[in-house]
Amino acid sequence: MKSNSIEVIPSGGPVGAQIRGVDLSQDVDDETLARIQDAFATYGVLCFRDQTISPEQQVAFSSRFGELERLTFSQFTLPGRPDVLLITNIEENGRHIGIHDAGREWHSDSTYVPCPSLATFLYAHEVPMEDGQPLGDTLFVPAFGHFEEFDQDRQTLLASLKSIHRMDPRLVKEPGKAPPQAIHPVVVTHPRNGRKCLFVNEGRSVSFVGMDEEESRVLLRKLFARLQSEERIYRHKWRVGDLLMWDNVAVQHHATHDYTWPKHRRLMHRTTVMGEPLC
Ligand code: SIN
């Protein structure tokens, strides 16, 4: 795959671009990879349409961006492949075969651990349809481009704050176990491109360190409203064969759960690049 065949088509908003001219079932040469990395750093969400890739090919491509998370204890990974997670509403014998309730609120992946995931890759095997239209869109907003727009006082305040991120207690499977949580700065410098990003999200951020709950709630609500502003949203309408990759520091996402089992089937394979402590 030669880099001169690659085309980057921006969505027109602050995040999202389509990459054309790359076949992910083949090895991607270093020059093409560098162009994809540049586009990723600029747009935060990239879509490769019409791909036919095996789990091994998805792992091979994702691994070019860093070490993959291996979920050795999850019952929702592909057999023998702890690095490929099933995101799906499919049930077999009355049981979910994958994670069926992911991402109902705006969030970045796994911010409740000390090293949140850096990048996520989702490959669409089955997309639910209704009246010829896809269901289960995934929405994205940028976390960059906000900090610079605040006045000096607000910048100083936000730069001094840390927030507590907690997993939704409803997702904790072992009864009685406390949900995992982690503390991160509210303003982080992106480890790969140096952009300042707001690192609080509606799904996981519960309060600020050293601030009472009510005051925290008020400030969080303001930040969420800003982050989720309609005009910054990129809405991804899925097609079978889409490989979508997103940057969990630069963007936040939200999954639309407008499909139901057994009428609709949605099956995605997810691979995730490990992150590092953010500062
Ligand atoms: C997620 O939030 O990681 C899943 C997104 C999706 O299924 O659209």
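Strands, like helices, are DSSP runs numbered from the N terminus, a strand (E) having at least two residues and a helix (H or I) at least four. Ser117 lies in the loop between strand 7 (95-96) and strand 8 (119-126). This is a predicted model, in which local features need pLDDT of at least 70 and side-chain atom pairs count only at pLDDT 80 or more, while totals for chains, interfaces and linings use all residues. Residues are numbered from 1 along each chain as its sequence is written, and side-chain values use heavy atoms, with hydrogens and water left out.

Ser117 counts as buried because its relative accessibility is 1%; buried means under 20% relative accessible area, exposed over 50% and partly exposed in between, with a 1.4 Å probe and protein chains only. The Ser117 side chain makes a polar contact of 2.8 Å with the side chain of Glu69. A polar contact is a pair of N or O atoms within 3.5 Å; within protein, one must be able to donate a hydrogen and the other to accept it, and residues adjacent in sequence count only if both atoms are side-chain atoms. The side chains of Ser117 and Ser110 are also joined by a polar contact, at 2.8 Å.

Strands of a sheet pair through backbone hydrogen bonds, in a parallel or an antiparallel sense. Here two strands are said to pair if DSSP finds at least two bridges between them. Eight strands form an open sheet with mixed pairing, in the order 1-2-3-18-8-20-5-4. Its edge strands, strand 1 (7-10) and strand 4, each pair on one side only.

Strand 18 (residues 243-247) pairs with strand 8 in the antiparallel sense over five bridges. Across this pairing, Thr120 stands opposite Trp246, and Leu122 stands opposite Leu244. Strand 3 (residues 45-48) also pairs with strand 18 in the antiparallel sense, over four bridges, and Phe48 stands opposite Leu243. Strand 18 is largely enclosed by the rest of the structure, because five of its five residues are buried. Leu243, Met245 and Asp247 point one way from the strand, and Leu244 and Trp246 point the other way.

Four bridges join strand 5 to strand 20 (residues 267-273), and the two run antiparallel; Leu86 has His269 of strand 20 as its bridge partner. Strand 5 also pairs with strand 4 (residues 77-78), in the antiparallel sense over two bridges, with Leu85 as the bridge partner of Thr77. The hairpin of strand 4 and strand 5 has two residues between the strands, and in it Gly80 takes a positive phi near 75 degrees. Seven of the eight residues of strand 5 (residues 81-88) are buried, so this strand is largely enclosed by the rest of the structure.

The residues around the ligand include Ile87, Leu122 and Arg270, along with Gly103, Asp109 and Arg266; a residue is near a molecule if one of its heavy atoms lies within 4 Å of it. An N or O atom in the side chain of Thr138 is 2.6 Å from an oxygen atom of the ligand. For His107, the distance from a side-chain N or O atom to a ligand oxygen atom is 3.2 Å, and a polar side-chain atom of His253 lies 3.1 Å from an oxygen atom of the ligand. Taken alone, the ligand exposes 260 Å², and the protein buries 99% of that.

Conventions: Accessible areas come from the Shrake-Rupley method with a 1.4 Å probe; for residues, only the protein chains shown count as cover.
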